[in-house]
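Please keep the sequence and the structure at hand while reading.

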Number of protein chains: 2
Amino acid sequence: MPSISIKGNKMPESPIRKLVPFAESAKKNGTKVFHLNIGQPDIKTPSIALEAVKNNAVEILSYSRSEGSETYRKKLTTYYKKHHIEIDHNDIIVTTGASEALIFLFSSIMDPEDEVIVAEPFYANYIAFSTATGVNVVPAVCKIEDNFALPSIETFEKLITKKTKAILLCNPGNPTGYLYSKDEIKKLASIAKKHDLFLIADEVYREFVYDGEKHYSIMQLDNLDEHTIIIDSVSKRYSMCGARVGCLISRNKTVMQTVLKFAQARLSPPTYAQIASEAALDTPQSYFDEVIKEYRERRDILVAELQKIKGVKVAVPKGAFYCVVELPVENTDDFAQWLLESFSDNNETVMVAPASGFYSTEELGKKQIRIAYVLNQRDLVRSVKILKIALEKYKN
Amino acid sequence: MPSISIKGNKMPESPIRKLVPFAESAKKNGTKVFHLNIGQPDIKTPSIALEAVKNNAVEILSYSRSEGSETYRKKLTTYYKKHHIEIDHNDIIVTTGASEALIFLFSSIMDPEDEVIVAEPFYANYIAFSTATGVNVVPAVCKIEDNFALPSIETFEKLITKKTKAILLCNPGNPTGYLYSKDEIKKLASIAKKHDLFLIADEVYREFVYDGEKHYSIMQLDNLDEHTIIIDSVSKRYSMCGARVGCLISRNKTVMQTVLKFAQARLSPPTYAQIASEAALDTPQSYFDEVIKEYRERRDILVAELQKIKGVKVAVPKGAFYCVVELPVENTDDFAQWLLESFSDNNETVMVAPASGFYSTEELGKKQIRIAYVLNQRDLVRSVKILKIALEKYKN
C-alpha cells in the first residue's frame, strides 16, 4: 500500500484525547468518569447567541467573505476597544477557531525549519500546528516553582538564532493559568523589537482573570504595530467551543494580506457560527461577572483541596481555567491511564491530562498533570478526593 | 519589520476572488454585475436542513468529536450506500469543508516536494493547498478539443516519478464539468495499483450529472481499498456552502489514523453546521430532481447562447455547474478585469473567472474562462448577451 508522509507519522497524538479510548472502556464498565482533562466548559452559552441562531433568516446558506462577515468584524472592533485594543475591522480576519488562525499565521510568517520561541509548558496543539507547518518550537522553560513566570531576557536571547521568526505566548496561559504582567509583556516587546521578531499572543482567555488583576494585551504596546499579532477565539469566552470561530488580528498589512490568501483558499469561516458570534458580542457584563465568580470559586476550592494532599505541588492560576499540578508519581502518562484502566472509587474515577504533552523539552512535565476546572464545585471536590485516594493506592 | 515566509509569498491569490475589488468598484459606480465567477448557487438550501438549525436544542455549544458527530457519520453511510459506496462510519472523518479534507490529506500522505498528478484544468485551490503543504502539483493536461477527457495511460505514466504519491481528480469536474466514465476510472485504478499510488477523487458534485449519465465513484472499484480516498462536501449538494462541512473517506486505516491526528489538533468541525448537514440527509429526492432539471436547463441555454457567438469554443459539461469557454481574446485575465473596469452595457456587466488560475502549465488556459451557471435562466441569457457585446467592443 502507498506510504504515509514523514510529517503524518510525526504528528503528535493529542495528549488530551489520547486517553479517550480508556475513558470509554471505563464508562462501558459502569464507571463514572469526571473529566478534568479537557477545556470544554459546563457553562451555558449566552442565550443571546443561541437565540440569534434559532431566529436566523438564512434561506441560502452561502459563503461569507473569506475574511469573515463585515458586520461581525465591525462589531468586533467595539469589543476590542472596550479591552483597550484599538483596531480597524480590516485588521481582523475571522478564522475557523484559533487553531486555523495559528496554522495560517505559522504558514504566513515561517518556512519549514524556522523557529518560534514558546513559553513552556504551552498549549499542546502548538506542537501539532508546528509539525503540520514544518516549523520548530523552541521552548523557553518556565518553572512550577516560579508559578510559571517568564524566564529572564537573557534566557530568551540565548534561544534566538538566525531561524527565529517569532515569540508566542498564551496569556492568560493554557495550561498554566499564568497571567503575564505588563512588565513581562514589555520585556518581550523589547526583545521582539531588538531582534526583529513577531510577537504573537494567544489571548483566548482574556476575560478569565481573577483577584482583581488586569489583562495587558500585546496590542496595547506602543510602536510595535508591525510585530504584534493576536490569536483569539469565541470558544471559551462564550462557552461556544463548537462554533469554531476565532480570529487573527494584526496592524501589519503584509501579514494580513498573506493570511488572507490562506483564508481565501478555504473559502470562508462557518456562517451559522458567525451569526452566533456576532450576537454573542451583546452578552451582558453580568454573564461574565457570574462566570468569572464561578471559575474563581472553583479555582479556590480546587487549589485548597489539592494543597491538602501530601506531596502535591500546585501553581496557583491567576487566569484561564487550568492549573498545572505536580504529583508524587514518576510518570503521569502511566498514572493517568491507570486511573481509567485499573482504578475506581465507588465506581468513580477521574480523567486528567498528563503534562508531558505540554512540554517539548524531554523529561520535563513527567510528574505533572493539567487540570481544567470546568466542572461544578461539588464534582470538583469529589474529583480531588478521588485523586487523593488514587495516589495513595498507586503508591502501593 | 519581520519578514513574510517564502511559502506565504508563494501562495497564489484566488483566481476567483482576485477581481473582487474591481467588481466592488463597478457596483459602487452603479453598474450591476452578474456573477458568473463563483460556485455560489442561488438555489435554496433544503428547508429540512434550515429548520433543524432553527429548532436546535443546544444549550452549551460544545465541541463535537474531532472526527465528527457519530450520529451524522452513521447516517452518512446510508447516503453513500444509496450511491453504491459501501463504507463503515469509521471510514469517515468529518472536516470543515472539502478544503480542510484536502489539506489534512495532502499533509498525511505527502511530504514537501512530493508530487500529486492532477487532471488539468483543475479546481484552482488545489494549487493553494499544495503550496500550503509544500507538495507539487504535476498537471495531466486535458484539452478543450477532447471536451477535457483524460489523456492516455501512457501520458500519465510519463508523469510518474519517484516522488509521485497520488493521482487526484474532481469528478464531475470543476472547472470543466467533465464526467469521468467507468472506463477512465478503471484506467486510473490500474495505474494507481501498478505504481502504488493513492487515488483521490473530489466528488462534491456527485449528484449533478445530466443527460441520463451515471456517476461512477472510485470507491466502487474492487481491490483498491488501500488506495482510494474520497473528498466530499455538503456545500454544493444542498446549496449550503456556508456550512463548512465536508468529509474524507477511506478504507485505509493508516490514512484514517493519520488524518485523525490532524483533525484532533484543530479540535472539531463546526457543531451547528453538522446539525444542518445531518438533517439535510433527509432531503427528498424531489429536491434534487428539481435542482438537476434547473441546472440542466441552464446548461443547455448557456451552451446554446455561447455557441451563437463567433470565435467562442465551449466544452459541453456533463456534470457539475461549470463550463470552460475559450474566447477570441489573447488574455482573459486582462479581459475579465476590463469587463469590470471599463465596460458596461446598459449599466450592466459580468464577472467571470479567468481560466489561467485553473492551470499550472504556463500559457495554457490564457484564452479561457470558467463560467458557473449558478444564476437563473433570464440572468444567464442576459449575461451571455453582455459577454457578446463586450467581446465585439473589446476587439476594437
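At what angle do helix 11 and helix 13 of chain A pack, and how far apart are their axes? In this predicted model, where local features need pLDDT of at least 70, side-chain atom pairs count only at pLDDT 80 or more, and totals for chains, interfaces and linings use all residues, side-chain values rest on heavy atoms, with hydrogens and water left out. Residues are numbered from 1 along each chain as its sequence is written, while chains are lettered from A and ligands numbered from 1 in the order in which they are written.

**Two packed helices in chain A**

Helix 11 (residues 285-307) and helix 13 (residues 377-395) of chain A pack at an angle of about 20°, and their axes are 10 Å apart. Axes here are lines fitted to C-alpha atoms, for helices over the stretch in contact, and angles run from 0 to 180 degrees between N-to-C directions; helices (H or I, at least four residues) and strands (E, at least two) are DSSP runs, numbered from the N terminus. Helix 11 and helix 13 of chain A are therefore roughly parallel to each other, a term for angles under 35 degrees, with those over 145 counted as roughly antiparallel, 65 to 115 as roughly perpendicular and the rest as oblique.

On the helix 11 side of chain A, Glu294(A), Glu297(A), Arg298(A), Ile301(A), Leu302(A), Glu305(A) and Leu306(A) meet Gln377(A), Leu380(A), Val381(A), Val384(A) and Leu387(A) of helix 13, where contact means heavy atoms within 4.5 Å. By class, this contact between helix 11 and helix 13 of chain A has 7 nonpolar, 1 polar and 4 charged residues; Ala, Val, Leu, Ile, Met, Phe, Trp, Tyr, Cys and Pro count as nonpolar, Asp, Glu, Lys and Arg as charged, and the others, Gly among them, as polar.

**A covered helix**

Helix 5 of chain A is mostly covered, with 12 of its 13 residues buried, that is, under 20% relative accessible area, whereas exposed means over 50% and partly exposed in between (1.4 Å probe, protein chains only). Among the buried residues of helix 5 of chain A are Leu102(A), Phe104(A), Leu105(A), Phe106(A) and Ile109(A), together with Glu100(A).

**Loop residues in chain B**

Which residues does Asn37(B) contact beyond its neighbours within four places in sequence? Asn37(B), placed in the loop between strand 1 (32-35) and helix 3 (47-54) of chain B, is in contact with Ile16(B), Met351(B), Val352(B), Ala353(B) and Arg370(B) once those neighbours are set aside.

| Residue | Relative accessible area | State |
|---|---|---|
| Asn37(B) | 3% | buried |
| Arg244(B) | 2% | buried |
| Asn346(B) | 69% | exposed |
| Lys310(B) | 79% | exposed |

Arg244(B), in the loop between strand 7 (228-233) and strand 8 (246-250) of chain B, has a phi near 65°, a positive value in a residue other than glycine. Asn346(B), found in the loop between helix 12 (332-341) and strand 11 (348-351) of chain B, likewise has a positive phi, near 55°. Lys310(B) has its place in the loop between helix 11 (285-307) and strand 9 (313-314) of chain B, and its C-alpha atom is separated by 22 Å from that of Ser342(B), 32 residues apart along the chain.

**Cis peptide bonds**

A cis peptide bond with omega of about 5° joins Glu120(A) and Pro121(A), and Pro121(A) lies in the loop between strand 3 (115-120) and helix 6 (125-133) of chain A. In chain B, a cis peptide bond joins Glu120(B) and Pro121(B), with omega of about 5°.
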